[in-house]
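My notes follow in the order I took them.

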Amino acid sequence: MNDTVRRAQQSISTPVPEISGYAGGQVYQAIAFLTRQEEAAVEKWIPDGCRFARWCESGVDIISDQGGEAEGIQYFCNLYGIAQNETMAFGDAENDIDMLKAAGIGIAMGNSVDSVRNSADYVTNDVDDSGIANALSYFHVI
């Protein structure tokens with residue numbers, strides 16, 4: 001536990017996760033609390049078939065390179081018979097970029113970094129400033 005972990009969790013308004021030992025079982029995702037510079041040095045150590053998905057300046061998810069939010073959209077579209085171009089996704093971090101591009105309409109939250117905004121079809125207000133409601137209204141969903 002260090003200040004990097006605290007800053008990362010504070011950036012997404014969530015408590016610091018409980019620390020415990022690995023108890024076995026399949027791992028689908030891991031979190032690494034790394035700066036961008038540390039990520040470059042650590043990347044060579046992650047297993048083949050995995051990739052980083054950054055969600056803040058000091059936090060990255062380590063996920064399968066065959067998985068992620070875009071694959072989740074595709075999975076549920078296939079499961080429920082929904083055309084992918086009929087979906088809408090909201091995101092605010094770099095790990096959301098693939099999802100925003102995969103959705104029919106990708107919406108960046110107002111607090112997003114430029115790379116997220118540039119990947120979106122529309123930029124709305126911050127989530128704390130009715131961003132989701134404003135975007136749903138803009139697109140005549142509500």
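Entry 1, terms. I count a residue as buried under 20% relative accessible area, as exposed over 50%, and as partly exposed in between. The model is a predicted one.

I looked up how the chain is built and found six helices and six strands. Read along the sequence, their order is α-β-α-β-β-α-β-α-β-α-β-α. The C-alpha atoms fill a box of roughly 45 × 35 × 25 Å along the principal axes. The chain has 142 residues, and 33% of them count as buried. I also noted an accessible surface of about 9,200 Å², with 50% of it belonging to carbon and sulfur atoms. Among contacts with a separation of 6 or more, 31% are between residues 24 or more positions apart.

In soluble globular proteins, nonpolar side chains tend to be buried together. Which residues make up the largest nonpolar core here? I listed ten: Ile 73, Cys 77, Ala 89, Ile 97, Met 99, Leu 100, Ala 103, Ala 108, Val 116 and Ala 120. Helices α3 (69-80) and α4 (97-102) each supply at least two residues of this core. The largest share, three residues, comes from α4. I then checked Ile 97, which touches Ser 115, Val 116 and Ser 119 when residues up to four places away in sequence are not counted. There is also a second, separate core of six residues, including Leu 34, Ile 46, Phe 52 and Ile 62.

Side chains of opposite charge can pair when their charged atoms come close. How many salt bridges are there? I counted five. One of them joins Glu 57 and Arg 36, with the closest N and O atoms 3.0 Å apart. Glu 57 is in the loop between β2 and β3 and Arg 36 is in helix α2, 21 residues apart. Arg 36 also forms a salt bridge with Glu 94, and here the closest N and O atoms are 2.2 Å apart. Glu 94 lies in the loop between β4 (88-91) and α4, so its pairing with Arg 36 in helix α2 ties together parts that are 58 residues apart in sequence.

Arg 36 has a relative accessible area of 34%, so I put it down as partly exposed. Glu 94 has 27% relative accessibility, so Glu 94 counts as partly exposed.

The next pair is Glu 39 with Arg 54, whose closest N and O atoms are 2.6 Å apart. Glu 39 is in helix α2 and Arg 54 in strand β2, 15 residues apart. Are these two buried or exposed? Glu 39 is buried at 15%, and Arg 54 is buried at 5%.

Asp 61 is found in strand β3 (residues 59-64). Asp 61 is buried yet has no salt bridge, and the nearest side chain of opposite charge, Arg 51, is 8.7 Å away. What I did find is a polar contact of 3.2 Å between the side chains of Asp 61 and Gln 29. Asp 48 sits in the loop between α2 (36-42) and β2 (50-56). Its relative accessible area is 82%, so Asp 48 is exposed.

How values were computed:
Residues numbered from 1 in each chain as written. Predicted model: local features only at pLDDT ≥ 70, side-chain atom pairs only at ≥ 80, totals over all residues. Heavy atoms only, no water. Core = buried A, V, L, I, M, F, W, Y, C linked by side-chain atoms within 4.5 Å. Buried < 20%, exposed > 50% of the residue type's maximum accessible area, 1.4 Å probe, protein only. Helix = DSSP H or I, 4+ residues; strand = E, 2+ residues; numbered from the N terminus. Contact = heavy atoms within 4.5 Å. Lys, Arg positive; Asp, Glu negative; His and termini not counted. Salt bridge = Lys/Arg side-chain N within 4 Å of Asp/Glu carboxyl O. Polar contact = N/O pair within 3.5 Å; in protein donor to acceptor, adjacent residues only side chain to side chain. Areas by Shrake-Rupley, 256 points an atom, 1.4 Å probe, with all protein chains shown as cover.
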